Amino acid sequence: MDMTKRLLNFLDASPVNFLAVKNLTDELEKAGFKRIDAQKPLGKVKAGDKWFVTKNDSAVFAFEIGKKSLADAGFHMICAHSDSPTFRIKPNAEMQCEGGIVKLNTEVYGGPIMSTWFDRPLTVAGRVILKGKDAMNPVTKLIHVKRPLMQISNLAIHFNRQVNDGVKLSKQKDVLPILGIITDEMEKGNLLINLICKELKVKKADILDFDLYLADMQPACTFGIHDEFISSGRLDDLSMAFAGLEALLASPKSDVTKVLAIFDNEETGSQTKQGAGSPFLATMLKRIAWAQSGTEEAFYQAVERAFMISADNAHAWHPNYSEKYDPTNHPVLGGGPVIKFNASQKYASDALSAAIFASLCEKAGVPCQRFVNHSDVAGGSTLGNILASSIPLRGVDMGNAILAMHSCRETGSVADHHYSVKVFTEFFK
């Protein structure tokens, strides 16, 4: 299957972090990676071992052990994240209105462009927690309702004549989706639960809780006169996560241990057990180093020899808003991977790490761009420096350039996805 089509399929099958991780782990298992349990000892570690471990069902860490030990060769790591801005469904979410219309109470997750979620068919995806054998071991089921379920409808322009001049939206009032109309008294307060029971074929009494989110129903696609662009939700950052996976599976065996780290909760600051601020990944690497050498010193040697690519999308130059961009450092769609710099150290890139990444691009035959914020426009942050606070790695922050970051539909470049897979594969060699 064509690389672009594989990406589009992955995006469609991954409306939320939990399903993204499931789809990534499915591909890893197909490629011979073995799921390990972090509760159990690693056992003997040998060259060529391929493992992965998950955290909270929403982060995944894959390891391919190199021919040389971590202490002698270090490791090469690509990081990305599984979450994207959306709306989380609150507990006790159903709100009955006049005419039996039911809307859902939601809260914003991350920093979405809220207006882009209006007037489009939406569905529900996430995980549902069911009763297990005992209170400490409940059962997790993933859910993705693959039909239009709800919509956040705009107020008609006749009631809001200033709508095209810009409207301040209330997160509590304006962005609540309409779910349906009650037709039976037994449905009151039960529309969502009944849907879950039907989809998962479970009993209402067995449902303990859920993490459910809104998701766009429109499939990912290409567009443009040459089909050169990609339109999809969650390009930030699932496109980078999938590019890392493709490179890991395509790269040959190496002296260096390869690591693919897909964290969760980047959009809310990464300070969770499954986020880049957690010591979980450092702990796993220490355990590998210890299993190989019998000393903790091996881990610290490995860190000094390691290199990290923090892969999170960058801002592409927008032809309608050129004044928002730095005059000399504004990457374009299709121009290749983007190295991100910030004088206040919001990114991990420096001259040394940028030179290394640019050299990898040159070796892979891939163009390379640089991004710096317009000095009057504040920028965001990403994974690199947060991870470096627990593992002091050399590394670069980069990503593919996209438009409309954090919109319900973002725009990327087909060529850039291919470029990133090529340079990631070169890095993993």
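Me: Which residues have the most contacts inside the largest nonpolar core?
Reply: This is a predicted model. In soluble globular proteins, nonpolar side chains tend to be buried together. The largest nonpolar core here has 47 residues, and helix α5 (residues 235-250) gives the largest share, nine residues. Those with the most contacts inside the core are L28, I78, I309, F357 and F424.

Me: Which residues does I309 touch, not counting residues up to four places away in sequence?
Reply: I309 is among the residues with the most contacts inside the largest nonpolar core. With residues up to four places away in sequence not counted, I309 touches M77, I78, C79, F357, V396, M398, F424 and F427.

Me: Which residues are closest to the centre of the largest pocket?
Reply: About 630 Å³ of space lies in this pocket. Its lining has 13 nonpolar, 10 polar and seven charged residues. Of the 30 lining residues, the closest to the centre are H315, A378, G379, G380 and M405.

Me: Is N373 buried or exposed?
Reply: N373 lies in the loop between β17 (369-372) and α9 (383-388). Leaving aside neighbours within four places in sequence, N373 is in contact with D326, N342 and G379. Its relative accessible area is 12%; the cut-off is under 20%, so N373 counts as buried.

Me: What is the volume of the second largest pocket?
Reply: Its lining divides into nine nonpolar, five polar and four charged residues. F118, S153, N154, L155 and D174 are the closest to its centre. The volume of the second largest pocket is about 480 Å³.

Key
Residues are numbered from 1 along each chain as its sequence is written. This is a predicted model: local features need pLDDT of at least 70, side-chain atom pairs count only at pLDDT 80 or more; totals for chains, interfaces and linings use all residues. Side-chain values use heavy atoms; hydrogens and water are left out. On a 1 Å grid over the protein atoms alone, a cavity is a set of points where a 1.4 Å probe fits but cannot get out, and a pocket is an open set with protein on both sides within 12 Å along at least five of seven lines; lining residues have an atom within 4 Å of a point. Grid points are joined across faces, edges and corners, and a volume is the space filled by probe spheres set on the points. Ala, Val, Leu, Ile, Met, Phe, Trp, Tyr, Cys and Pro count as nonpolar, Asp, Glu, Lys and Arg as charged, and the others, Gly among them, as polar. Helices (H or I, at least four residues) and strands (E, at least two) are DSSP runs, numbered from the N terminus. Buried means under 20% relative accessible area, exposed over 50%, partly exposed in between (1.4 Å probe, protein chains only). Contact means heavy atoms within 4.5 Å. A nonpolar core is a set of buried Ala, Val, Leu, Ile, Met, Phe, Trp, Tyr and Cys residues joined through side-chain atoms within 4.5 Å.
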